[in-house]
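The following explanation leads the reader through a structure step by step. Please keep the sequence and the three-dimensional view at hand while reading.

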Amino acid sequence: MKKKSLPIVCAAFLIIAMTIQFIVSYRHEKADLMRQMDYKMELAQKDFLFEIYDMHEATDEIAQFFTEFNTGTEDLCALLQTVLYDYPDLYCCYLTFLPECSPNPGQWCSPTAFRVTADSVIAYDAKDCIPYKQRDWYTGALKNEKNEGHWSLPYKDGTHEDLVFTYSQQVYDEQDQLVAIAGADYTLAWTARLLEEVKPYDDAVCQLFSTDGTLIVGSGDATKVRDRIMFEKTLSPTDMRLVISVPKSHIRRSITGISLITLTVLLSGILILGLLLRHIKQEQDAFTRVETANKLMEKEMQIAHDIQMGILKGNSLKAQGERAELQLDARLIPMREVGGDLYDYYLEADKLWFIIGDVSGKGVPAAMFMSAAVNLFRAARGRAHSPRQIMEEMNAVLSENNPSMTFVTAFIGCLHISTGELIYCNAGHCAPLIYSPVTRNPSPVTLTPNIPIGYDGLFQFTEQRAHLNPDDTLVLYTDGITEARNEQRTMLGMKRWADIVERGQWNVDSLLNDVQAFMGEAEQADDVTLMTIHLTKNA
Amino acid sequence: MITITFETLPEKTCVRLSGELDIAATTNQVDELQQVLNIADKALLIDCSELEYISSAGLRFFMQLKKESQAKGGSIRIAHLNEDVSDIFRMSGFHNLFTIE
């Protein structure tokens, strides 16, 4: 499963990398966009300032008229009319004399021109029709320094339905004496239109604020400040502030470059990862099913192992004969859970009947054949009179229907405990060794191989005889021992096996330890079975 | 691991077995061994000069081969067994079942 997590890790890594890439490029683009917006805002503010600077110029012009022409009220009215023609966006302009400097001393005099329609202008002396001293443009301009203009707040001037606001400045005579205030008005509606014209984006809102923070005019609603990006600039020299704002969503809508491509790739990446994970999940499920099946199989094999080990007799027997004592030890170590090796024995009066065998092949098929063989051997108990008879009976049954050509090599013996006389019949099994403490040389019993059982049911086996002296040991084994290999793949062989037997004699554990020592770390390649039968004199 | 080579002569087919015929070979090389079983109707000379080792699983293959051969009317002769393999044939009684040269 480790292998499968690799693509997930890679994909996740890729997605993280792309997410970082997305964030970086998004920020980069956003910064770019902000710079671009800053620039546009500045342009808009300049445009606006340029437009309203007309008022400043207009009042300058009026002041100049006065100084240059120094003419009467009627002429001034005509001149003011020309100013409105020159500045078509102006609504109104006037020159209001301080009463003490008025052409009619002590009287208010204020030549005024204002726009009636787009191309119709009228001019007259407003005299005392206007409460000058209550007007911010008048009082404010008076308070100012020389040459310092004054921007009024919007107010109702009585001639126009809309609010107006005024730029006003002081006017001096030749003696540099303050004589009048010149003013020029814009309507708020016109200003609002102007703001609309200069706004850099369709979703932008432009607002004009006075010095004290009062909203003079705005082109839209910008009350949700938190959702908006604000650009603010003081319109020097007016002291008014122009605030242009765009909704934050404007940024999202405007970002179309690399980050959008990255986002697309990112989303497809996540989709692919999702599909991948689903695929892996399905594979995992399949794996789990197989694993469950394997576990079940393992459990069944364990049960089979237990059954097979149950079929085998206990691994140790002591028996007392009239003149001798017998010690039998046996071990079976299957290569897999179950194996094809077999051994069995039983006592009948003074006789020990025993069998050791090896079914060709491994695993379950061999184990099934093995259990049949053991049962056939046991079935002969009580009525068999010779190993040969048992061998032939087993052979006849096992050969009857054996399509897989499985066969058993077996050695069946009958040991008379009191006399040490051994009668045996061999079916292709490897020759047991007899170890005598006198000769100290394990030697194989003389053997007629005959043929393995399970193949030719009519085969006539030969029977042989040998003799065990007191203290002799008969060592029976399967080829799993002599053909055991070490890490260099060298086989144990008869010579080394005989040496081991000489050292260990009838001690089964010691013999098997020596075989294991020879094998080292090499894996067991075959079932291993060992049975020793040791005879001692009665004490 | 067993390597099998075939040589068709006018009067017989020579099957040369090289390597080890053990449980691993009989389990993992079923297809190759089946090729030998497929021509069991012929007169086969099994050349074992390069057969280094045979286990009981390998012997079972010979058993199967003999059965096939008898069923299909072929014949089997085994030749050039080395000493170790010959011992195994002898000890297991297989020399009683085959014609060994």
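**A guided reading of the two chains**

In chain B, Val15(B) has Ile46(B) of strand β3(B) standing opposite. This is a predicted model, in which local features need pLDDT of at least 70 and side-chain atom pairs count only at pLDDT 80 or more, while totals for chains, interfaces and linings use all residues. Residues are numbered from 1 along each chain as its sequence is written, chains are lettered from A and ligands numbered from 1 in the order in which they are written, and side-chain values use heavy atoms, with hydrogens and water left out.

Strand β2 (residues 13-21) of chain B is joined to strand β3 (residues 43-54) of chain B by eight bridges, and the two run parallel. Helices (H or I, at least four residues) and strands (E, at least two) are DSSP runs numbered from the N terminus, and two strands pair if DSSP finds at least two bridges between them. Helix α3 (residues 56-72) of chain B packs on the sheet and touches β2, β3 and β4 (75-79) of chain B, its direction making about 175° with that of β3(B). Contact here means heavy atoms within 4.5 Å; axes are lines fitted to C-alpha atoms, for helices over the stretch in contact, and angles run from 0 to 180 degrees between N-to-C directions. The sheet itself is open, with five strands in the order β1-β2-β3-β4-β5 (chain B) and mixed pairing. Its edge strands, β1 (2-8) and β5 (99-100) of chain B, each pair on one side only. Helix α2 (residues 30-38) of chain B also packs on the sheet, touching β1, β2 and β3 of chain B, and its direction makes about 30° with that of β1(B).

Chain A contains eleven helices and 21 strands. Its radius of gyration, taken over C-alpha atoms, is 60 Å, well over the 24 Å that the globule rule gives for 539 residues, so chain A is more spread out than a compact globule; the rule is 2.2 Å times the number of residues to the power 0.38. Along the principal axes, the C-alpha atoms of chain A fill a box of roughly 170 × 45 × 35 Å. Of its 539 residues, 48% count as buried, where buried means under 20% relative accessible area, exposed over 50%, and partly exposed in between (1.4 Å probe, protein chains only).

One residue of chain A to look at is Phe48(A), which lies in helix α1 (residues 2-69) of chain A. Phe48(A) counts as buried because its relative accessibility is 0%. Leaving out residues up to four places away in sequence, Phe48(A) touches Thr191(A), Leu194(A), Leu195(A), Val198(A), Leu208(A), Leu235(A) and Leu242(A).

Elsewhere in chain A, strand β12 (residues 324-333) has seven of its ten residues buried. Five bridges join strand β11 (residues 316-320) of chain A to β12(A) in an antiparallel arrangement. β12(A) also pairs in the antiparallel sense with strand β21 (residues 528-537) of chain A, over ten bridges, and there Leu326(A) stands opposite Leu535(A). In β21(A), eight of the ten residues are buried.

Leu326(A) leads back to chain B. Which residues have the most contacts inside the largest nonpolar core? They are Leu326(A), Phe354(A), Ile46(B), Phe62(B) and Phe89(B), in a core of 88 residues. Such a core is a set of buried Ala, Val, Leu, Ile, Met, Phe, Trp, Tyr and Cys residues joined through side-chain atoms within 4.5 Å.
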